[in-house]
Amino acid sequence: MRAARSEWRLVALLLAALLGCGGASGQTLELPAHERIVLKNGLTVLLLEKHGVPMVNLYAIVKTGAAADPVGEDGLASVTAGLLRKGTKSRSAQQFAADLDYIGAAFDAEAGADFSSVSAEFLTKDLARGLELFSDALLHPTFPQGEVDKLLAQSLDGVKGAKDDPQQVIGLYYYGYLYGTHPYGRPSGGDEVSLQRIKRDAIVKFYEGNYAPGNTLLAVAGEFNGAEMRKKLEESLGAWSAHTVASAAVAVATPAKGKRLLLIDKEDATQTYFAFGNVGVARNDPDRVAIRVVNTIFGGRFTSELNEALRVESGYTYGASSFFDSRKAPGPFGISSFTKNETTAQAIDLALQVLQKLHKQGVTEEQLKSAKSYIKGQFPPNIETSKQLAQIIATYEFYGLGDDEVNQLEARVDAVTPEMAKQVIQKHFPSENLVFVLIGKSSAISSAVEKYAEKRDARPISEPGFWPPPSRMAK
Amino acid sequence: MKTGLVYRTVVAALGALLFTGTAAWGQAEFPVASRTLKNGMKVLVQTDHSIPSIALYIFYRIGSRNEGPGTTGISHFFEHMMFNGAKKYGPGELDKVMEANGGSNNAYTTKDVTVYQDWFPRSALPLIYDIEADRIRDLSFDPGKVKSEREVVASERRLSVDNENGGLLDEQLWAAAIVAHPYHWPVVGWMSDIEHWTMEQLKHHFEMGYAPNNATMVVVGDASPEEIFQLCEKFIEPIPTHAPPPAVTTVEPEQLGERRVVVRKAAQLPLLIVGYHIPQTNNPDFYALNVLRTVLFEGESSRMYQRLVDKEQIALDVSSFTSPAFDPTIVQVVAQPKQSVDPQVCEKAIYEELARAKTAEISDTELEKAKNIRLVEFYRQMRTINGRANTIGTYEVFFGDYKKLFDAAKNYSGVTKVDVQRVAKVYFGASSRTVATLIPDNAHEKAKP
């Protein structure tokens with residue numbers, strides 16, 4: 001393949017797209033009309049009718065995520081979400097699977113840092129059954145002990161397996177080293193130590209304490225009749241009994257000062273994977289569109305400055321990029337790439353040079369014009385399906401953003417000037433204060449990378465946890 | 001398993017679709033306009049104005065099966081070089097110009113085809129044709145670019161194979177399962193071949209494979225057939241025909257007994273892949289095989305998931321993979337054993353489940369379920385311009401006619417329990433399987449004081 005569609009970059013791209021981007025030139029992009037209602041029990045519902053493909057998509061956001069995991073129990077929110085379908089008041093996990101698969105439907109539940117999401121997709125003709133399955137899992141999970149044990153064991157091995165592929169875990173180490181004990185530094189899927197501490201009681205408590213209609217918003221998009229859908233939702237999800245939920249705010253993390261470097265030793269690596277950067281911005285930052293435009297130029301597309309330097313011109317890597325993972329509180333900014341052991345320092349040096357050049361020279365009018373055209377031209381496929389639309393409108397609602405994120409995209413992107421770009425670079429792209437994380441063969445690269453920071457840490461990849469090293473608390 | 005190199009479909013999804021109203025199995029079609037240019041390139045256009053975007057795919061019938069020892073990986077390398085400079089748009093210009101006009105691109109190489117993908121707003125339409133014509137006709141081979149791109153490909157190999165256990169084991173599996181036919185070697189190429197390709201080999205490959213008569217163009221989105229055919233006449237039709245690649249004549253001899261491969265390397269978790277021989281994609285058992293695989297592997301109610309992941313808890317997941325192929329190929333069963341589980345325990349369970357499917361028919365419920373799953377998966381493929389471009393092209397190239405995608409619903413409906421049992425018996429025998437296992441070997445760790 002020509003360019004990696006790595007998960008991390010895809011997350012960055014999707015998030016960047018959701019930050020708000022432009023419409024196609026000559027045609028204004030617009031989110032389809034949608035309705036917002038609040039049921040008596042406090043559940044917020046967004047309804048978007050889209051005809052043409054006979055499917056219905058549900059996307060629910062429960063406004064509590066991994067950031068609320070108790071200390072030492074990283075993975076609790078994630079495991080709770082994973083167990084919703086693994087046994088309800090009317091179905092065993094196996095029965096749920098059989099009923100879901102029979103109609104070819106999909107069901108997913110997971111927890112990110114800011115929120116948990118529960119989603120489903122099925123054919124319009126199966127609306128009654130699809131909605132019933134979705135409600136059953138969301139409202140009536142029973143967390144059978146056997147299923148709890150199974151999922152925890154699977155998750156534990158899953159973390160170990162992920163460590164066999166540095167690409168899968170570089171983000172976890174980076175976020176951990178950047179944020180330390182702040183919630184955004186903790187692995188949302190848990191680690192080898194935390195997963196062993198999680199007990200059924202804690203899962204039930206997390207569910208009962210956070211899954212409530214007043215703490216949830218649901219987007220429904222696809223081919224359906226609005227009035228009929230409202231009625232069905234009132235009957236199924238309207239019956240969800242209301243209770244109050246403690247809202248959790250995430251503290252704003254202080255950006256890192258100075259430089260520090262973490263080297264994770266993977267003895268058999270022939271390639272070093274690296275990420276560096278600092279704390280970025282929150283999802284609703286007023287500079288988000290300008291940031292998006294500048295980041296596109298710097299590290300957000302194939303012809304970005306980073307990729308041009310590290311791949312196209314020098315051949316050091318198959319891909320280099322930068323991202324803003326913007327969240328409720330300021331999320332990470334990072335520059336990431338990988339290169340063979342022998343060119344580790346050269347590649348990092350080059351990435352640093354490109355970053356310094358961004359600060360010294362900013363971006364040109366021509367680069368801005370190109371990036372704006374790119375953002376606008378590439379946006380329409382992001383709102384092509386009802387699956388995408390359900391997720392986008394729910395996410396905007398959660399972060400307090402509106403339809404203008406799409407409807408005013410073109411105008412906002414066009415309004416970014418070189419002066420605005422300069423300010424955004426100064427304010428939001430780090431320069432001297434940098435946190436580095438590398439995964440690679442320590443014996444081959446450690447001396448070459450000493451120069452990047454005086455403060456340095458190291459761990460073998462096989463040691464449990466990411467960063468900080470988990471303390472050995474009693475079980 | 002993630003290798004960015006090989007285009008994989010978990011199961012190629014087929015069914016019927018209506019865009020204008022209610023869906024039903026086996027109903028009509030969406031219009032596709034078709035023209036074969038004077039130079040032999042076939043062009044297919046499906047118009048859709050729902051978003052102001054276009055997906056343009058060009059399928060070249062050249063892949064790693066057209067290579068030989070010493071030049072393995074050259075098709076894939078060539079795919080990279082197609083972006084690195086031609087006559088009008090020099091090194092680095094293609095991407096800059098495309099992205100500056102709102103477009104993006106990618107490409108992938110498989111054992112059979114190389115596919116170039118462009119996604120762009122309709123305003124960029126003439127420009128895209130100018131770019132494509134330039135590189136099809138006049139690709140240049142700047143030595144500096146060859147040098148740096150060789151490094152890029154080596155980095156890609158390290159990313160998806162050398163440092164990725166799934167990719168590594170997959171490579172070993174193919175090499176053991178296929179001993180004679182060119183499917184034997186990896187698409188990305190052996191590392192020593194990557195290091196030694198010459199300029200002559202590159203130029204020869206271009207001359208061999210990149211003829212317009214060896215390609216099919218698919219355009220889906222906000223463009224009419226008239227304007228596309230006009231652009232083709234202007235930009236593409238003048239490009240001369242030349243001979244397509246020589247036919248691949250090697251036929252893989254029948255495998256006469258089980259083969260086993262073991263890879264020992266540093267790892268936290270073991271891995272298991274079992275490969276079985278199946279015919280080329282365009283074969284009468286295609287639908288029955290897909291139904292069998294759906295029953296066995298798809299969804300948490302599937303037989304393999306229930307047995308290995310849920311009940312016995314010996315694996316984290318178990319799935320099957322195959323890709324479209326011109327020649328007889330391999331279907332893989334991939335199991336991720338849990339850390340403490342010997343892969344042979346997973347093997348035993350897999351063979352027992354396969355045996356069940358051979359000795360008794362699947363149930364009516366399972367048959368119906370499998371067909372429903374395939375239908376919904378088809379809708380997922382068809383609901384985006386990108387998915388449609390890929391599916392129309394895949395059908396045209398591998399089944400010989402894009403219209404066959406409209407028969408899929410009928411073909412699925414026609415699959416019986418007897419068919420499913422038969423294909424289980426025919427294709428999943430013990431003597432035609434190749435078993436590749438990755439065993440964690442962390443000796444270097446044990447050696448530490």
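Student: Where is B:Ser148 placed in chain B?
Tutor: B:Ser148 sits in helix H4 of chain B. Bear in mind that this is a predicted model.

Student: Buried or exposed, B:Ser148?
Tutor: B:Ser148 counts as buried because its relative accessibility is 7%, and the cut-off for buried is under 20%.

Student: What is B:Ser148 in contact with, leaving aside its neighbours within four places in sequence?
Tutor: With residues of chain A: A:Val312, A:Glu313, A:Ser314 and A:Gly315.

Student: OK, the interface then. How many residues of chain B are in contact with chain A?
Tutor: On the chain B side 75 residues take part, and they are in contact with 74 residues of chain A.

Student: And what area is buried between chain B and chain A?
Tutor: About 6200 Å², with carbon and sulfur atoms giving 50% of that. B:Glu99, B:Leu159 and B:Arg383 supply 12% of the area that chain B buries against chain A, more than any other three residues.

Student: Why quote an area at all?
Tutor: Interface size is often given as the accessible area lost when the parts come together.

Student: How many salt bridges are there between chain B and chain A?
Tutor: The count is 10. One of the pairs joins the side chains of A:Glu121 and B:Arg383, at 2.7 Å from N to O.

Student: Which elements of chain B supply at least two residues each to the side that touches chain A?
Tutor: Among the helices are H1 (74-81), H2 (93-100), H4 (143-162) and H12 (364-382), and strands E4 (104-109) and E5 (114-121) are also included.

Student: Which gives the most?
Tutor: H4(B), with 10 residues.

Student: How do the residues on that side of chain B divide into nonpolar, polar and charged?
Tutor: The side of chain B that touches chain A has 25 nonpolar, 27 polar and 23 charged residues.

Student: Switching topic: how many salt bridges over all chains?
Tutor: A search of the whole structure finds 59. In one of them the side chains of B:Arg388 and B:Asp48 meet, at 2.3 Å from N to O.

Student: Where do B:Arg388 and B:Asp48 lie?
Tutor: B:Arg388 is in helix H13 (residues 385-399) of chain B, while B:Asp48 is in the loop between strands E2 (42-47) and E3 (53-60). The pair links distant parts of the chain, 340 residues apart.

Student: Why does B:Arg388 count as buried?
Tutor: Because its relative accessible area is 1%. B:Asp48 is buried as well, with a relative accessible area of 15%.

Student: What about B:Asp285, which residue does it form a salt bridge with?
Tutor: With B:Arg422, the closest N and O atoms being 2.9 Å apart. This pair also links distant parts of the chain, 137 residues apart: B:Asp285 is in the loop between strand E8 (271-278) and helix H9 (286-297), and B:Arg422 is in helix H15 (residues 417-427). B:Asp285 counts as buried at 11% relative accessibility, whereas B:Arg422 is partly exposed at 35%.

Student: And which residue forms a salt bridge with B:Glu353?
Tutor: B:Arg356, with the closest N and O atoms 2.8 Å apart. Both residues lie in helix H11 (residues 343-359) of chain B, 3 residues apart, about one turn of the helix. B:Glu353 is buried at 3% relative accessible area, and B:Arg356 is partly exposed at 41%.

Student: Which residues are linked with B:Glu353 and B:Arg356 in a network of salt bridges?
Tutor: B:Arg307, B:Glu312, B:Lys348 and B:Glu352.

Student: Over to chain A. Where is A:Val413 found?
Tutor: A:Val413 is in helix H16 (residues 409-414) of chain A. At 0% relative accessibility A:Val413 counts as buried.

Student: Last one: how far does helix H13 of chain A reach?
Tutor: This helix (residues 365-378) reaches 20 Å from its first C-alpha to its last over 14 residues, close to the 20 Å expected at 1.5 Å a residue. Its buried residues include A:Leu368, A:Lys372 and A:Ile375.

Note on methods:
Residues are numbered from 1 along each chain as its sequence is written. Chains are lettered from A and ligands numbered from 1 in the order in which they are written. This is a predicted model: local features need pLDDT of at least 70, side-chain atom pairs count only at pLDDT 80 or more; totals for chains, interfaces and linings use all residues. Side-chain values use heavy atoms; hydrogens and water are left out. Contact means heavy atoms within 4.5 Å. Buried area is the accessible area (1.4 Å probe) that two parts lose on being put together, summed over both. A salt bridge is a side-chain nitrogen of Lys or Arg within 4 Å of a carboxyl oxygen of Asp or Glu. Helices (H or I, at least four residues) and strands (E, at least two) are DSSP runs, numbered from the N terminus. Ala, Val, Leu, Ile, Met, Phe, Trp, Tyr, Cys and Pro count as nonpolar, Asp, Glu, Lys and Arg as charged, and the others, Gly among them, as polar. The expected span of a helix is 1.5 Å times one less than its number of residues. Buried means under 20% relative accessible area, exposed over 50%, partly exposed in between (1.4 Å probe, protein chains only).
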